[in-house]
Amino acid sequence: MTDHRFTFMGTAAGCGVPSFFCDCPACTEARADPDLARGDCGVMIRRAGLPEADTPTLVIDAPPDARHQLLREGVRHVDEMLFTHCHYDHIGGLGEYEYLVALKRGGAPLPVHASPAAREGILKEFHYMDYCLAFQDVAPFDAIEFDGVRYTALPVTHAPGTYGYLIETEATRLFYASDTGPLPEETADAVRGVDILAMDATFWKRNWNPDAHHSVQECIEEGLSLDAGRIYLTHLCMHYDEPITAAKLERHCAGFDGRVAVAYDGLTLDI
């Protein structure tokens, strides 16, 4: 029985969809239909079936769109935070949490988990927030327990100190890796056969940066090779290198007998 919910807070690569500077078919489509708009990547895990005020809430990453994403999902508090890495599109909204600590938590620092490299990068950018973030360094393959869910930090191929997280409840094994190229062997072994794989699918066709990202095609290929039960494409740019509309991407995914799905902002999975 599932008792937690996993929500895609944002599903875009760094410049979002639509990008303010872009008039490609994908961005034009998203301007015409706000349901197809994408903010930068982050996720939220919460207990299902409790009143909002009593729901333990964990988020992974603090994208620049964090305030709007939290408002959209009706979130009033966050109790714990994990970081995948310290690039801007994953930490740019962290400043919003200073007010949470000062005005909602009575100054009690927010527990934050990250690799040492990510911690150093975050505190370089947000040095004034050191007082309100209770950092706990996470080594590769360390596990964090929160509200009955186990989060294991698994190394991925991106910037130094970048993790994906194997998220395990009593019912579900889910691997979330918003930024990664081909998975390291140890990580691939650890996530083989997961129920759900939510992974970087930045590029359509040509991959500009194959050491640090997947294309849609590469994400699907690796997910199927890992025998993942269901594969969700996230960290989608939609206009590198050849623009692809959501409608065309959906048609592409339909060819995999229901095993591949496109993630959208606000999509929630029972886990």
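Trainee: Is glutamate 96 buried, partly exposed or exposed?
Mentor: Partly exposed, with a relative accessible area of 33%. The cut-offs are under 20% for buried and over 50% for exposed, so 33% falls in between. Keep in mind that this is a predicted model.

Trainee: Which side chain does glutamate 96 meet in a salt bridge?
Mentor: Arginine 67, at 3.8 Å, N to O. Glutamate 96 lies in helix H4 and arginine 67 in helix H2, so the pair ties together parts 29 residues apart in sequence.

Trainee: And how accessible is arginine 67?
Mentor: Arginine 67 is partly exposed, at 42% relative accessible area.

Trainee: Staying with H4, which of its residues are buried?
Mentor: Tyr97, Glu98, Leu100 and Val101. Down the helix axis they fall within an arc of 160°, so they line one face of H4.

Trainee: What covers the buried residues of H4?
Mentor: The cover includes H2, along with strand E3 (57-60), strand E4 (80-82) and strand E5 (110-114). After H4 comes glycine 106, with a positive phi near 60°.

Trainee: Pockets next. What's the volume of the largest pocket?
Mentor: About 260 Å³. Arg67 and Glu96, the salt-bridge partners, are both in its lining.

Trainee: How do the lining residues of the largest pocket divide?
Mentor: 6 nonpolar, 1 polar and 3 charged.

Trainee: And the second largest pocket, what volume?
Mentor: About 180 Å³. Its lining divides into 3 nonpolar, 4 polar and 4 charged residues. Among them are Arg5, Arg46, Arg47 and Glu73.

Trainee: Which element gives the most to the lining of the second largest pocket?
Mentor: E2, with 3 residues. Strand E1 (4-10) and strand E2 (42-47) each supply at least two.

Trainee: Back to salt bridges. How many does the structure hold?
Mentor: 14. One of them joins glutamate 168 and arginine 173, with the closest N and O atoms 3.5 Å apart. Arginine 173 is partly exposed, at 25% relative accessible area.

Trainee: What about lysine 205, which residue does it bridge to?
Mentor: Glutamate 242, with a closest N to O separation of 3.7 Å. Lysine 205 lies in the loop between strand E11 (196-200) and helix H7 (216-225), and glutamate 242 in the loop between strand E12 (230-234) and helix H8 (246-253), so the pair ties together parts 37 residues apart in sequence.

Trainee: Are those two buried or exposed, or partly exposed?
Mentor: Both count as partly exposed: lysine 205 at 44% relative accessibility and glutamate 242 at 31%.

Trainee: Which residues are in the salt-bridge network there?
Mentor: Lys205, Glu242 and Lys248 are linked in it.

Technical notes. Residues are numbered from 1 along each chain as its sequence is written. This is a predicted model: local features need pLDDT of at least 70, side-chain atom pairs count only at pLDDT 80 or more; totals for chains, interfaces and linings use all residues. Side-chain values use heavy atoms; hydrogens and water are left out. On a 1 Å grid over the protein atoms alone, a cavity is a set of points where a 1.4 Å probe fits but cannot get out, and a pocket is an open set with protein on both sides within 12 Å along at least five of seven lines; lining residues have an atom within 4 Å of a point. Grid points are joined across faces, edges and corners, and a volume is the space filled by probe spheres set on the points. Ala, Val, Leu, Ile, Met, Phe, Trp, Tyr, Cys and Pro count as nonpolar, Asp, Glu, Lys and Arg as charged, and the others, Gly among them, as polar. Helices (H or I, at least four residues) and strands (E, at least two) are DSSP runs, numbered from the N terminus. A salt bridge is a side-chain nitrogen of Lys or Arg within 4 Å of a carboxyl oxygen of Asp or Glu. Buried means under 20% relative accessible area, exposed over 50%, partly exposed in between (1.4 Å probe, protein chains only). The arc is that of the directions from the helix axis to the C-beta atoms. Contact means heavy atoms within 4.5 Å.
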